[in-house]
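Dear colleague,

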Amino acid sequence: MKTTLITSLALAGWTAAAAEPQTNGTVAVRDVFSAGADFRLRQEIMDNLPGMPGDAYSATPALRAKYRNQIRIRPRVWFAAETGPFRLYARVADEFREYPTLHTPREERAYNFPDEVFLDNLYLEGRGLSVAGLESVDFRIGRQDLMEGGHSIYGLDRIIVEGTPTDGSRNFYSDMVRATLHFDAAKKLDVFALYDSGRNDLRWGNSRSRGRSLNCINMTDTSDLDEWGGGLVYSQNAFDGDLPFKGYAMFKRDEAHTTQKPAPRRVSAKERTTFGVFLEPRLTDNWDLELEAAQQVGRIVDSGRFAGGTMAHAAVNYRMDALRTYRPTLTWATTYYSGDSDRTKDGAADRAWDPVWARYTQDSEMLVYGSLYENCRWTNLIYSKLRFSMAFGPHHALYVYTGPMFAVVPDGLGHADGGGDAFKGILSAARYDFPIRLAPKGAEGVDRFEVFAHVVGELFNPGGYYESDKPAFFVRWQVDVRF
């Protein structure tokens, strides 16, 4: 119902905007309407991914024991219409895959094609609107991505990176209303409200695909999880741009829902409010910092017990003068997410950090598949890494990183009996992106055709926190075609 309301508002707003009289004479169709498509082909190979012990977490034991090799294909088609400062954008997506090495019947290995076509985006936006007392206002209403340009909206990757964690994050959308109030070139305020539902009625497919949730926290969830909330994000470039910072306050409620493993269980609704600040001081042309801290306060609704956690992040970036054209950067970063030794017990308080809408682990895709922290999100963790990166041009970059991970408190998710030490292991990864064919600037028609690709590898060497000490690995190649 809420999804239908938001999309209806977007369409109604577009109708009103498009009905405005044109003052520049006849407008060519191609100046108003545009369309395109993209196609992603990837192969992923992984083995011994870490997760919860026992069978309390549906697919984790199989992932720990089995080699997995899968091919995934995701086509998407988009349409846009634009007039003046207003733009209507729609996108539909599908994904189908093949698990050639799993010991399952063939009819369960490959989903039927089309497996599931779903409405991935449908929003109306306005940019640079004049409002008294403000420099300008932007807005966007409807289904929209919470990731833009490889990062979350508002630049808060540790807070907002929505997606479908147990399905490889094939989408990053939410039904959302947001506005940006620009006070001047250096100060702005973002206001948003959003709603997510596991029951996406705007999709079409076979019965098995319709049963998959697009909004689960972990694999044991059914498709009855609703969540909603909103917040404020204030941004400013202070001291002539040498101290960009953000301050934010966000509220979120997860409604009561059902999990299925190891037995059906009703999970209470949960509310929490997150307050945080993110600073990026620029010390010199070569040195800058990232500093973020956030605190959550809330409650588990049925019991009234406390729910909330703490997050802190610090990074030092050194931009090297050598090979400056390629922007080589060396980064040391440490991130802290609070944990809770009683978080798996019914009725207990939950002091573990809740990543709000951050359902995609920034530093590892392998650990999304393995669901290392029970719910496909970072929590109960201290992770320190050293990272080197270079950017050679559009879709052409390289990074490598490595570092140790520690549990803040023993939570029983590494060892079934809660034993083991705090050392979770060492996570290392490398990725290389490269272009195959890029479109010239301002290209139209067939010249818009682009092809680019990447390869990524991850290695996780478990520590004493886990029952198994077998290294886990993840390898992927991917080719993207865009038109």
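Buried here means under 20% relative accessible area, exposed means over 50%, and partly exposed lies in between (1.4 Å probe, protein chains only). This is a predicted model, in which local features need pLDDT of at least 70 and side-chain atom pairs count only at pLDDT 80 or more, while totals for chains, interfaces and linings use all residues. Residues are numbered from 1 along each chain as its sequence is written, and side-chain values use heavy atoms, with hydrogens and water left out.

Rings of Phe, Tyr and Trp (its six-membered ring) pair if their centres lie within 6.5 Å, and their planes count as stacked under 30 degrees apart, edge-to-face over 60 and tilted otherwise; there are 14 such aromatic pairs in the structure. In one of them, Phe118 and Tyr173 have ring centres 6.4 Å apart and planes at 40°, so the pair is tilted. Both Phe118 and Tyr173 are buried.

Another tilted pair is formed by Trp228 and Phe251, with 5.7 Å from centre to centre and 55° between the planes. Trp228 counts as partly exposed at 31% relative accessibility, and Phe251 counts as partly exposed at 26%. Ring pairs also link Trp78, Tyr89 and Tyr123 into a cluster.

As for charges over rings (NZ of Lys or CZ of Arg within 6 Å of the ring centre and within 35 degrees of the ring normal), the charged end of Arg158 sits over the ring of Phe278 at 5.7 Å from its centre, and Lys385 lies over the face of Tyr401, 5.0 Å from the ring centre.
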